[in-house]
Amino acid sequence: MAENNVTTPTTSVTDFASPDETRDLAASFAASLGQTAHANGNTHQNEDGISARDWALFRDPVLHNERLEAIRKKKGFIIDMDGVIYHGSNLLPGAKEFVDFLEKNNKKYLFLTNNSAPTPRELQQKLNRLGIDVTEDHFFTSGQATAYFLHSQMPEGGTVYVIGEPGLAYALYDKGFFMNDHNPDYVVLGESAVYNFEKLTKAVQLVQQGAKLISTNLDVETLDSQGRKIPATGAFTACVELVTKTKAFFCGKPSALIMRYAQRVLGLSRLETCIIGDRMDTDIVAGISSEIDPVLVLSGVTEMSDLNLFAYHPFVILGGVYEIPNDDDKNKLTDSELEEAARRASFL
């Protein structure tokens with residue numbers, strides 16, 4: 001697969017950049033992306049297989065800017081985290097300014113992550129360490145979505161065998177589901193650093209005995225703090241599916257289920273909401289399937305050279321969230337506008 005040859009700058013947790021330094025980092029990154037675009041040209045399809053439409057969504061001065069302005073005017077923002085706000089323990093350029101833009105303009109926003117490992121409080125604390133101060137109710141994980149779904153299926157509660165971290169276990173406990181490694185109702189797979197042959201074998205055997213297979217998400221890969229790809233929940237779920245000849249029900253992106261949960265939290269209609277993410281196969285297709293305008297940022301997994309692999313396009317392509325903030329007061333929402341938007345959404 002062709003590489004973009006673009007290095008994403010990051011800001012270390014232990015060495016916060018000043019606003020001027022952050023703008024310089026963002027400008028440098030934007031310039032490197034622009035040089036790549038210029039080198040590749042803007043024909044119907046260049047040597048990397050990148051279509052003219054995709055380049056226009058990324059660099060065209062009319063189409064790109066019009067759609068970026070439309071995103072700035074949205075009332076609600078559903079935001080992926082890893083690859084959009086940070087890489088591992090490194091804050092991405094413009095992330096703090098982006099959150100400040102949302103706060104300043106009275107936007108409603110929710111950090112929506114396919115990572116089931118952390119609790120919302122842990123995510124809040126992580127962003128706080130990175131220099132972004134938001135409240136706990138701004139976070140929603142695929143672990144919470146999984147717990148919501150299982151509760152809808154078994155309101156009285158049930159039992160689960162879980163391969164995952166505390167964030168997933170706490171979400172399930174909160175909805176009345178308890179651990180059982182003998183005859184559980186469900187086998188639930190989530191993010192974890194402790195997958196091994198023994199645990200996967202146990203999951204296979206329990207599914208073969210009748211437990212239903214649930215996956216918090218189907219992401220087969222993610223990035224570590226150095227930006228290197230590592231296997232994720234979807235890769236391990238595929239192992240269990242192949243052996244048991246079953247298909248897992250998944251609750252995270254690109255499922256419309258988690259998007260619906262997010263909309264309920266925001267209290268806004270799909271037309272007044274956008275989703276910002278770094279993955280075409282989860283974030284962007286989740287937006288398309290939910291009819292919520294999807295914004296692709298190139299600061300994470302998906303590269304421009306990957307776009308020809310997909311039969312759909314994002315609404316707009318950005319180098320990173322640093323492109324969104326501006327000082328235009330026309331993007332600011334009043335409380336009465338948000339209340340009216342919530343009333344409209346309640347009828348949908």
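**Reading the sheets, helices and rings**

Author: Strands β2 and β14 pair in the parallel sense over 4 bridges. Two strands count as a pair if DSSP finds at least two bridges between them. Helices (H or I, at least four residues) and strands (E, at least two) are DSSP runs, numbered from the N terminus. This is a predicted model, in which local features need pLDDT of at least 70 and side-chain atom pairs count only at pLDDT 80 or more, while totals for chains, interfaces and linings use all residues. Residues are numbered from 1 along each chain as its sequence is written, and side-chain values use heavy atoms, with hydrogens and water left out.

Reader: Which residue stands opposite Ile79 in β14?

Author: Strands of a sheet pair through backbone hydrogen bonds, either parallel or antiparallel. Here, the residue opposite Ile79 is Ile276.

Reader: In what order do the strands of the open sheet of 6 strands stand?

Author: The order is β6-β5-β2-β14-β15-β16, with parallel pairing. The edges are taken by β6 (139–141) and β16 (316–318); each has a single partner strand, so one side of each is left without a neighbour in the sheet. From one strand to the next, the twist averages 25 degrees.

Reader: Which strands does helix α3 lie across?

Author: To read such packing, one looks for contact, meaning heavy atoms within 4.5 Å. For directions, axes are lines fitted to C-alpha atoms, for helices over the stretch in contact, and angles run from 0 to 180 degrees between N-to-C directions. Helix α3 (residues 63–72) lies across β2, β14, β15 and β16, and runs at about 90 degrees to β16. Helix α5 (residues 120–129) also packs on the sheet, where it touches β5 (108–113) and β6, and its direction makes about 125 degrees with that of β6.

Reader: What is the order of the open sheet of 5 strands?

Author: That sheet reads β8-β7-β9-β10-β13, and its pairing is parallel. At its edges stand β8 (177–179) and β13 (249–250), each with a single partner strand, so one side of each has no neighbour in the sheet. Within the sheet, β7 (residues 158–163) and β9 (residues 186–189) pair in the parallel sense over 4 bridges. Ile163 has Leu189 in β9 as its bridge partner. Helix α8 (residues 197–208) lies across β7, β9 and β10 (212–215), at about 150 degrees to β7.

Reader: Is Thr237 buried or exposed?

Author: Buried means under 20% relative accessible area, exposed over 50%, and partly exposed in between (1.4 Å probe, protein chains only). Thr237, in helix α9, is buried, with a relative accessible area of 0%. Not counting residues up to four places away in sequence, Thr237 touches Leu189, Ser215, Asn217, Leu218 and Ala248. Ala235 also belongs to helix α9 (residues 233–244), but at 24% relative accessibility Ala235 counts as partly exposed. With the same exclusion of residues up to four places away, Ala235 touches Asp219 and Val220. The C-alpha atoms of Ala235 and Val220 are separated by 4.4 Å, although the two residues are 15 apart along the chain.

Reader: How many aromatic pairs does a search of the whole structure find?

Author: Rings of Phe, Tyr and Trp (its six-membered ring) pair if their centres lie within 6.5 Å; planes under 30 degrees apart count as stacked, over 60 as edge-to-face and the rest as tilted. The search finds 12 such pairs. Among them, Phe77 and Phe98 are edge-to-face, at 6.2 Å centre to centre with 70 degrees between the planes. Phe77 lies in strand β2 (residues 76–79) and Phe98 in helix α4 (residues 95–104), so this pair ties together parts that are 21 residues apart in sequence. Both Phe77 and Phe98 are buried.

Reader: Why is the pair of Tyr195 and Phe236 called stacked?

Author: The ring centres of Tyr195 and Phe236 are 4.0 Å apart and the planes lie at 5 degrees, so the pair is stacked. Tyr195 is in the loop between β9 and α8 and Phe236 in helix α9, so parts 41 residues apart in sequence are tied together.
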